[in-house]
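Dear colleague,

Please find below the structure that I am handing over to you, together with its sequence. My notes on it follow directly after.

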Amino acid sequence: MNCKLISREKSLQLPSAVKHACHAMLYAPSDEKLFSHIPVKYAVLMQMRFDGQLGFPGGFVDLSDRTLEEGLKRELSEELDYTLDFAESDHMYCHIWEEPIHLVTHFYTKRLTLAELRAVEAAAVQGKEFGLETMGLVRVPLFFLHDGKGGLPSFLCNNFIGNARSQLVDALKSLGIVKEEQLKSALKSSSR
Ligand SMILES: O=c1[nH]cnc2c1ncn2[C@H]1C[C@H](O)[C@@H](COP(=O)(O)OP(=O)(O)O)O1
């Protein structure tokens, strides 16, 4: 992937021709159980985009947005028909891309309650972008089936936009949602 880590501070000093896009991983602790006995532990949201790739909700920051977080809030409200506030502390990291356009992608994570996350899911299907820009929110299967492939390893075999796949893996690791060893094994089986 043709992108490099850059600090948030440096990214904001780049020339105005460089575009900024913000995307967010919404997640919630969950007491749900798969097949009534496998604890799910967390619900993590991604979305199926219009182009058939998986990514996180969000999009380009406009000149009218006073801050990155305001741009993210506006994009989420357009895409998901749900209003969520973001703080600078929700910013996880950002990357600069030189090809195909000069772009900085900012990645945020936001912890919700399960009730809030379900409200986001319910609102999204009513949103004006549902079935158009956004083909639907999906929960990331975080479990591992006995065959070693089903669950997270299979999910990681999908097509992801930009660096959304590594954003997902980094967030699952840094937030302690999936253990490092399990992530390594999921990445290994998904590359076979
Ligand atoms: O989830 C993502 N993670 C990293 N980069 C992403 C993600 N989704 C899109 N992108 C990149 C590639 C796109 O060209 C830009 C803008 O994003 P997009 O969501 O398509 O923007 P609009 O909704 O059209 O504003 O970011």
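In S7, alanine 24 has tyrosine 108 as its bridge partner.

Two remarks on conventions come next. Residue numbers start from 1 along each chain as its sequence is written. The model is predicted, so local features need pLDDT of at least 70 and side-chain atom pairs count only at pLDDT 80 or more, whereas totals for chains, interfaces and linings use all residues.

Strand pairing

Strands are called paired if DSSP finds at least two bridges between them. S2 and S7 run parallel and are joined by nine bridges. S2 also runs antiparallel to S5, with three bridges between them, and here cysteine 22 stands opposite glycine 59 in S5. A further antiparallel pairing, over six bridges, links S2 and S3; leucine 34 faces isoleucine 38 of S3.

S2 and S3 form a hairpin with three residues between them, and phenylalanine 35 in the turn has a positive phi of about 50°. Serine 36 lies in the loop between these strands, S2 and S3, and has a positive phi of about 65° although it is not a glycine. Lysine 41, found in strand S3, likewise is not a glycine and has a positive phi of about 70°. As background, most residues other than glycine have a negative phi.

Burial is judged by the other C-beta atoms, placed from the backbone, within 10 Å of a residue's own: 20 or more is buried, 12 or fewer exposed, and anything in between partly exposed. Serine 36 counts as exposed because it has 6 such neighbours inside 10 Å. Lysine 41 has 15 within 10 Å and is therefore partly exposed.

Nonpolar core

A nonpolar core is a set of buried Ala, Val, Leu, Ile, Met, Phe, Trp, Tyr and Cys residues joined through C-beta atoms within 7 Å. The largest one has 35 residues, of which Ala24, Met25, Val44, Leu45, Leu72 and Leu168 touch the most other members. At least two residues each come from S2, S3 (38-49), H2 (68-80), S7 (103-111), H3 (114-124), H4 (152-155) and H5. S2 supplies the largest share, six residues. Beyond its neighbours within four places in sequence, leucine 72 is in contact (C-beta atoms, placed from the backbone, within 7 Å) with Cys22, Ala24, Gly58, Phe86 and Tyr108.

Surroundings of the ligand

Of the 13 residues around the ligand, Gly55, Phe56, Gly59, Gly162 and Ala164 come nearest. S2 (19-34), S5 (58-60) and H5 (164-174) each give two or more residues to this shell, and S5 gives the most, with three. The shell comprises five nonpolar, eight polar and no charged residues; Ala, Val, Leu, Ile, Met, Phe, Trp, Tyr, Cys and Pro count as nonpolar, Asp, Glu, Lys and Arg as charged, and the others, Gly among them, as polar.

Alanine 164 belongs to helix H5 and counts as buried because it has 22 C-beta neighbours inside 10 Å. Leaving aside its neighbours within four places in sequence, alanine 164 is in contact with Leu54, Gly55 and Phe56.

With kind regards

Definitions and conventions. A residue is near a molecule or strand if its C-beta atom, placed from the backbone, lies within 6 Å of it. Helices (H or I, at least four residues) and strands (E, at least two) are DSSP runs, numbered from the N terminus. Two residues are in contact if their C-beta atoms, placed from the backbone, lie within 7 Å.
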